[in-house]
Amino acid sequence: MTPPALTHAFDGDYNKASPIQRRQVLEQRQQLDNFLASVERKAFRIAQISTHNVDDSLELVQEAMMKLVERYSDKPENEWPPLFYRILNSKINDWHRRQKVRNRWMIWPSFRQQNDDTNDYNLVESAPDSSQAPFENMVSSQATDALIALLHQLSPRQQQAFILRAWEGFDVAETAYAMGCSEGSVKTHYSRAIHFLKDNMQTFDG
Amino acid sequence: MQDDELVKQIAQQLDDSTESLDYATQLKLQRIRQQALQVSPKESMVKRFWQPMSAFLVTASLAAVVVFNTQQTTAPTSNHQTEILEDIELLAADEELEFIQNLEFYEWLDKDGAQQLES
């Protein structure tokens, strides 16, 4: 039986369509469902590594999925992976920009207050961290925890280059497309990520 | 450690980490996927804008050609529109066709009768 979600969005057009068109719509929806099911957990992990926030990661994955369905569902199935990761990376980059602005505004009042009381103010310690506890609770494996923490130390672009190349198995051209940058930039980010990880591997190795 | 080994090890660990996601998160992911699938696909700009626009342009061009040709062919006869109206009036009239065919005779009879009355 067809899941309700596959027909619900198209009620208007779907009812008017011919049987062949209906079949095509359902098949395409099923393919999209299968594709999204195959990438949802990876996408969540990628967002989580970058944001360190469970709720924001889920939101970013949802936004990426919705945009893919809305804009690119008519594209051939083999084009969905690079398109999806490109959308996700774009959403993650937007998230970082928003965080930067938010942190600037949140730090300013506390900075003024602290500056009045004492001179040894620490900017890093005063940065807001609203989601550390749920994140820590969710990740059960210590090794995974350590690996995610290590990957989190990479810059967002290095994370993207490394994850797409090493984990998703994209080649340089596909990674460049998904990141929206040149192939040269991908090589640079990937190389720096590898060096950093090699140097710091002992923190979670074994 | 070689780069390939490092990459392999990290990829494997990340794979394991997705498999061991907690149940609540997996349910949430499933739910957001279903919500995403309910989004109606937006038509591309080509479909949404250029197709109706090109259809409109073609229709407008055809209409312009038809109007232009009609004007060209009707130009020599100045009272063409009046003739068309008369034809329509004739077709719509309830009178017998014989009466209409003899209309000129009746008009002559009418004028002749009037002249005789005047004289």
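Which residue of chain B forms a salt bridge with A:Lys198? The partner is B:Asp3, with the closest N and O atoms 3.0 Å apart. This is a predicted model. The count comes to 5 salt bridges over all chains. The points below take up salt bridges, a surface patch and a helix face.

**The A:Lys198–B:Asp3 bridge**
- A:Lys198 forms its salt bridge with B:Asp3; A:Lys198 lies in helix H11 (residues 183-200) of chain A and B:Asp3 in helix H1 (residues 3-19) of chain B, so the pair joins two chains.
- A:Lys198 has a relative accessible area of 35%, so A:Lys198 counts as partly exposed.
- B:Asp3 is also at 35% relative accessibility and is partly exposed.

- A:Glu40 and B:Arg33 form a salt bridge, and their closest N and O atoms are 2.7 Å apart.
- This pair crosses between chains. A:Glu40 sits in helix H3 (residues 19-51) of chain A, and B:Arg33 sits in helix H2 (residues 23-37) of chain B.
- Are A:Glu40 and B:Arg33 buried or exposed? Both residues are buried.
- A:Asp33 belongs to the picture too: A:Asp33, A:Glu40 and B:Arg33 are linked in a network of salt bridges.

**A bridge within chain A**
- The side chains of A:Asp94 and A:Arg97 meet in a salt bridge, at 2.6 Å from N to O.
- Both residues lie in helix H5 (residues 80-117) of chain A. They are 3 residues apart, about one turn of the helix.
- A:Asp94 is partly exposed, at 30% relative accessibility.
- A:Arg97 has a relative accessible area of 51%, so A:Arg97 counts as exposed. The cut-off for exposed is over 50%.

**A negative patch on chain B**
- B:Glu83, B:Glu86, B:Asp87 and B:Glu89 form a negative surface patch.
- B:Glu83 is found in helix H4 (residues 80-92) of chain B.
- Why can B:Glu83 be called partly exposed? Its relative accessible area is 38%, and partly exposed runs between the buried cut-off of under 20% and the exposed cut-off of over 50%.

**A buried face on helix H8 of chain A**
- Which residues are buried in helix H8 (residues 142-152) of chain A? They are A:Thr144, A:Leu147, A:Ile148, A:Leu150 and A:Leu151.
- Seen down the axis of H8(A), the buried residues fall within an arc of 160°, so they line one face of the helix.

Terms used: Residues numbered from 1 in each chain as written. Chains lettered and ligands numbered in written order. Predicted model: local features only at pLDDT ≥ 70, side-chain atom pairs only at ≥ 80, totals over all residues. Heavy atoms only, no water. Patch = residues over 30% accessible without salt bridge, like charges linked within 9 Å, V, L, I, M, F, W, Y side chains within 5 Å. Areas by Shrake-Rupley, 256 points an atom, 1.4 Å probe, with all protein chains shown as cover. Salt bridge = Lys/Arg side-chain N within 4 Å of Asp/Glu carboxyl O. Lys, Arg positive; Asp, Glu negative; His and termini not counted. Charge placed at Lys NZ, Arg CZ, Asp CG, Glu CD. Helix = DSSP H or I, 4+ residues; strand = E, 2+ residues; numbered from the N terminus. Buried < 20%, exposed > 50% of the residue type's maximum accessible area, 1.4 Å probe, protein only. Arc of directions from axis to C-beta.
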